[in-house]
Amino acid sequence: PAVADVIDEMLSHPEWKPGMPRCYDISDLDAGSLTVNDIRLISGFAAKYRQQTGAGRIAIVAGGDLVYGLSRMLSIHISELVGGEPEVFRSRDEALVWLSA
């Protein structure tokens, strides 16, 4: 699904409240064609929704080295534009432990 679809689905959930912790699992993402500019565009899109999402903990689960590296870059941009506490993890279990701490 597109970034917009994921955010729209999250925001439409009846229990959603701005600032809630969230986990984005992109470990299956084929990042071969992604560029640094794409990361900036995704960050800008996240900034567009900052009022609705709030600045809570954001866990990003990344698989391979390329996705992990791009996700680290994305977390820096999101932190600067949106706030919150974005962190990148290699496994979903690690991310969920961090989110629940």
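This is a predicted model: local features need pLDDT of at least 70, side-chain atom pairs count only at pLDDT 80 or more; totals for chains, interfaces and linings use all residues.

Q: Fine. How many salt bridges does the structure hold?

A: The structure holds three salt bridges. One of them joins R92 to D25, with the closest N and O atoms 3.6 Å apart. Because R92 lies in helix α5 (residues 92–100) and D25 in strand β1 (residues 22–25), this pair ties together parts that are 67 residues apart in sequence.

Q: And why does R92 count as partly exposed?

A: R92 has 43% relative accessibility, so it counts as partly exposed, a class that runs between the 20% and 50% cut-offs.

Q: Which residue does E85 pair with?

A: E85 forms a salt bridge with R57, and the closest N and O atoms there are 3.6 Å apart. The pair links distant parts of the chain, with E85 in strand β3 (residues 85–89) and R57 in strand β2 (residues 57–61), 28 residues apart. E85 is partly exposed at 41% relative accessibility, and R57 is partly exposed at 23%.

Q: What about R90 and D65, where do they lie?

A: Their side chains meet in a salt bridge, at 3.1 Å from N to O. R90 lies in the loop between β3 and α5, while D65 is in helix α4 (residues 65–81), so this pair ties together parts that are 25 residues apart in sequence. R90 is partly exposed at 42% relative accessibility, whereas D65 is exposed, with a relative accessible area of 60%.

Q: Changing topic to helix α2: which of its residues are buried?

A: In α2, I39, S43, A46 and A47 are buried. They cover an arc of only 100 degrees around the axis, which means that they sit on the same side of α2. On the other side of α2, L41 and K48 are exposed.

Q: What do the buried ones pack against?

A: The buried residues of α2 pack against α3 and α4. As for the helix itself, α2 (residues 36–48) has 13 residues and reaches 19 Å from its first C-alpha to its last, close to the 18 Å expected at 1.5 Å a residue.

Q: You mentioned α3. Is T53 buried or exposed?

A: T53, which is found in helix α3 (residues 50–53), is buried, with a relative accessible area of 4%. Leaving aside residues up to four places away in sequence, T53 touches I7, M10, L11, W16, P18, G19, M20, R22 and V82.

Q: Now the largest nonpolar core: which members touch the most others?

A: Of the 13 residues in that core, I60, L74, I78 and V82 touch the most other members. Each of α2, β2 and α4 supplies at least two residues of this core, and the largest share, four residues, comes from α4. As general background, nonpolar side chains in soluble globular proteins tend to be buried together.

Q: What does V82 touch?

A: Again not counting residues up to four places away in sequence, V82 touches A46, A47, R50, T53, G54 and A55.

Note on methods: Residues are numbered from 1 along each chain as its sequence is written. Side-chain values use heavy atoms; hydrogens and water are left out. A salt bridge is a side-chain nitrogen of Lys or Arg within 4 Å of a carboxyl oxygen of Asp or Glu. Buried means under 20% relative accessible area, exposed over 50%, partly exposed in between (1.4 Å probe, protein chains only). Contact means heavy atoms within 4.5 Å. The expected span of a helix is 1.5 Å times one less than its number of residues. The arc is that of the directions from the helix axis to the C-beta atoms. A nonpolar core is a set of buried Ala, Val, Leu, Ile, Met, Phe, Trp, Tyr and Cys residues joined through side-chain atoms within 4.5 Å.
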